Amino acid sequence: MSGRQVIVVGGGLGGLWATLVIAGGGHRVMLFSLFEMMRSHSVCAQGGINAVLDMQGQHDSVEQHILDTLKGGGWLANQPPVKSMCESAPGLIRTFERMGVTFSRTPEGLLDQRLFGGVKKKRTCFAGASTGQQLMHGVDQQVRRLEAEGRVDKHEWWELLSLVKDADGVCRGIVAMDLRSLEVRAFRADAVVLATGGLGQLYTPQTTCSTNSTGAAASRAYQQGARFANAELFQFHPTAMIGEDKTRLMSEAARGEGGRVWVPKDPTDRREPNRIPEAERWHFLEEWYPAYGNTVPRDIASRAIWKICRELGHGVGGGDRVYLDLTHLDRAFVETRLGAILSIYRKFAGTDPLGAPMEIFPAAHYAMGGLWVDFEHDPATGGVKPDSPRNHATSLPGLYACGECDYAYHGANRLGANSLLSASYSGRVAGEAVLSHLAGIERGAEALADAPFAAEVARQQSINDELMANRGGENPYRLHAALGALMTSRVGVVRDNAELDAALAEIAELEQRAAHMDLTESTPWANQTLAYARQVQDMIRLARVMTASARARDECRGAHYKPAFELPLPASKAASSATAGGNADPAWEAYMARWQANNERWLKTTVAEHTPDGPRIDFEPVDLSVLAPDQPRDYR
Amino acid sequence: MTSIAGADRPALRGDGSADGARDTDPSSGSAADTQRAHSRSVELQIRRQDAPDAAPYWQRFRIATRPGDNVVSVLRALRADPITADGERVDPVAFEHNCMEEVCGACAMLIDGSPRPACSALLKDLGAVIRLEPLPKFPVVRDLMVDRARLFAALKRTRAWVRLDGHWDNHERAPRISQRQWAADYLYSRCMSCGICLAACPQFPDAAGRPADDSAGFVGPAALGQVRLLNAHPLGRYDKAERLHAIMADGGLTDCGNAQNCVRVCPKEIPLTTAIGELGRQTTVQAVKDFFGV
């Protein structure tokens, strides 16, 4: 093989998987990361990774995994990629296992599986409650081996600033900044893969995300023409610790293993939780959703907690908090299976979750939306065509995206433990697509004229120079705090068009202010404020895309909840076989008619495109070729 | 290393004026900032260094705190308005952090002389004066940022990986592993590459005067823990001899001086000295095998 040059940006699970595949295919990979790979946010994933192994005697099936994922996502995901992902999941687990990942075991020494949200089967493989870290160890070690063999060239402490396109608009490299020397340099490549993660920092500090999950890289690609899809679909995790500096995740596994969410029945009850008798506790999830109880999907759990605290004034102590209780469970069992989150709670809250219930509230967690990516439908299997160069290709030729920065698998709401799966699977598929893409390239990037690279370096350098010289008086740290407060209050769990209009006006104002920043330092070495200021500017631009997309979607779907457009479910529960026209209940018949009419109008992917006047929002159809969307989401 | 250069600077101004200097900008609109201004304050004494070869110096900052604050959260707050206790506006302090929940390993530093993650160092457990220094043994990049490339180089030296044929699925079912073995192995896979054990290890050589990809000094406890882990894995076992030979060479296992600092400071409570003990037995067996050529 000739061995072409590929750039992968991002050293989390998606980027490392793509790197393994591309370098394994005989090409040279330059792997860019803001820091050493093991600092990536993938290590924060706790509860597990879904794969149908049916190890627990529950007759689980891949078909059920596909259905749960599609329905859990409000039917908004393109179906062939979801089908292929679910089918590939068991093989991915086996591969991780070979890499040395320490998956938890049953007494027979087999892979253990536990329950997660939005499903009825134990389908989640896990490694204690630090599954993300364990999977990362596996791929990080494999990439290190390739690095030792000279097949991967790591560029740690470099930040992507922009893409370089040739005269035909094909992405042929990147411009990046050395975060230590601040050198701005162009790198050529025959394909570029973005695996740059999520964007929870738009909601700072009320987010479970790491401080580098800014979405800045995806924002930069968007501003250079890559389309951004379903930006409004953002997940608020129901069970995050209360915190002023960060709201730390308490895994959904806590509920999957039997944890219960409750508040005192009497909202004025100020007793210690352990002194409140069972009969005086309100397990509102179990009451409202008897079929799924505490393991309803995340959008539903978050809205329920929101309703308890904000609408009913029933939060613990009248505040924004409810209890997540593990104290009734066997201590040794919980310690073995959830040790990592117990340790986080003990260290940061100072109390033991085995002694008293944890206090939690929803927080910004995961972007279902992201860079628009293509796929090639395979009529032979109904999934995606293996090795098609279209898979995970963004709308910019030569640019691929995988992991949380793409939009592909989760529709309007992601099911727990499907993110480690989609990050791994999409990284592998993107890598395979790049291999096919490279096979069709006649002239390598090394032969290209220097001009577009030099021009882009000059453009980026001038942005840096301007920021370093600017004394506009706006502080980047305060601008970011203002953005986080604005997004949390106006583009959060519950949305309203008047609020969204106000948010758009405020974002426009923030964008103006961000053009007049004062870095307060001009040090030419390891100047962290410069990189941060640029991220803040690009976060504000991404916030605008998100808010404009939220404004455009006038309905409730998954995590996007606009009460003004809600279609309330009939009071009675649908028969489990309920489908269109299959209900005798007239209330359900009427509901199904309205639900399907709403789908006609809104079951579409939101696609944002950058223009000088702001995002242009459009919609495109969803590929529904696997399962007709005939089941509304009723988890009661 | 423990003398405080800032100690001979002029006395602190009153807390009130320091707080006033911190946040008068109404645009921040943060309730947190308002609350911060009303609680107790601490003094941070920070060992600063502008560049790798620059001379270190100390600066003191007085900062108001909020309940639940940790060293990372106050360093983050300080960035917005880096004014020393003497009222001098200075460059923000460079430091690393990311997850803020003690799993990414980025924020390790020396806090009151002890190496530990800064995010889980809660202010309520620390004194009114907190001394912050970069993690020792590693080259300083700037201020509290260090370059931990040596840690990852040690993982290469010890071949801390399983040799896979490739990334594809070979349809082979996962090997059986007892719960007992899982529990023992899992302890080592909680390593977050923070470098704290190396900072505390008397045998792990200081970076000063050594090549960046230090190839002869003691590999250190972190990498040895990974050798222990991979040698136990059903596939990793196949390359056990190679890994053992790597740690039987110069800078390997026998350089451990048994100070046991590593196991005391590891924030994840990884039993590193147990690993070193097990590897001692494994290398002994390996040496016998090598002698007889089996």
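The accessible surface of chain B in this predicted model comes to about 12,100 Å², by the Shrake-Rupley method with a 1.4 Å probe, and 53% of that surface belongs to carbon and sulfur atoms. Of the 294 residues in chain B, 57% are buried, that is, under 20% relative accessible area with a 1.4 Å probe and protein chains only. Chain B has 10 helices and seven strands, which are DSSP runs (helices H or I of at least four residues, strands E of at least two) numbered from the N terminus.

The second largest pocket has a volume of about 870 Å³, the space filled by probe spheres set on its grid points, joined across faces, edges and corners. A pocket here is an open set of points on a 1 Å grid over the protein atoms alone where a 1.4 Å probe fits, with protein on both sides within 12 Å along at least five of seven lines, and lining residues have an atom within 4 Å of a point. Its lining consists of 30 residues, with A:Arg303, A:Tyr561, A:Glu566, A:Leu567 and A:Leu569 nearest the centre. Helix H8 (298–311) of chain A gives the most to this lining, with six residues.

Chain A also holds an open sheet of three strands in the order S3-S5-S4, with antiparallel pairing, where pairing requires at least two DSSP bridges between two strands. Strands S3 (49–50) and S4 (113–114) are its edges, each pairing on one side only.

Residues are numbered from 1 along each chain as its sequence is written, and chains are lettered from A and ligands numbered from 1 in the order in which they are written. Local features need pLDDT of at least 70 and side-chain atom pairs count only at pLDDT 80 or more, whereas totals for chains, interfaces and linings use all residues, and side-chain values use heavy atoms, with hydrogens and water left out.

Technical notes:
Buried means under 20% relative accessible area, exposed over 50%, partly exposed in between (1.4 Å probe, protein chains only).
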